[in-house]
Amino acid sequence: MDPDKADREWEPQHPKPPRVGNAHRAEKMGVRENASESGTPPLATGGTSLLQARTVNEVVKAQTNKVRLARLKGELVDRPQAIAHVFKLARTERDAWLNWPARISAQLAATLGVDPHTLHVVLENAVREHLQELGDLKPRVD
């Protein structure tokens, strides 16, 4: 008996039903249609199981709730508001340093016995140089 000849004769008498949809794709991939038979959930269209998708969803919900709770407790601040606050503090600090030589130079000159104007100019230049060095630092806000 020739197996090829037998198959050719068998085919017209007993045609296979056409396969369509996800059942055909799952069978091609070797995945059973009934999840309880294999013990694993069936594959979704993207190749991710329903269990994996639910797990990801629950993790995202937990993270979102954690952020909401931290915000309610006052542990989180608005980023633009924090940046504006830091900028305001830095400007106040800078202005205080710029005004310092004018406040202190006369007293310091009297104590040292030097010309008040000369001391004021020297202090002012030193403070400006120092502030310039500090201004070259770039804060990193992540």
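## What counts as exposed

A residue is called exposed when its relative accessible area is over 50%, buried when that area is under 20%, and partly exposed in between. Keep those cut-offs handy while you look at this predicted model.

Let's start with Asp7, which sits in helix α1, the stretch covering residues 3–13. Its relative accessible area is 52%, so Asp7 lands in the exposed group, given the over 50% cut-off.

Now for opposite charges. Side chains of opposite charge can pair when their charged atoms come close. How many salt bridges does the count come to? The tally is 2 salt bridges.

One of them joins the side chains of Lys61 and Glu58, with 3.2 Å from N to O. Both residues belong to helix α4 (residues 50–73), where they are 3 residues apart, or about one turn of the helix.

## Arg94 and Asp95

Next, find Arg94 and Asp95 in the structure: their side chains meet in a salt bridge, at 2.8 Å from N to O. Arg94 has a relative accessible area of 36%, which means it is partly exposed. For Asp95 the relative accessibility is 30%, so Asp95 is partly exposed as well.

Key: Residues are numbered from 1 along each chain as its sequence is written. This is a predicted model: local features need pLDDT of at least 70, side-chain atom pairs count only at pLDDT 80 or more; totals for chains, interfaces and linings use all residues. Side-chain values use heavy atoms; hydrogens and water are left out. Helices (H or I, at least four residues) and strands (E, at least two) are DSSP runs, numbered from the N terminus. Buried means under 20% relative accessible area, exposed over 50%, partly exposed in between (1.4 Å probe, protein chains only). A salt bridge is a side-chain nitrogen of Lys or Arg within 4 Å of a carboxyl oxygen of Asp or Glu.
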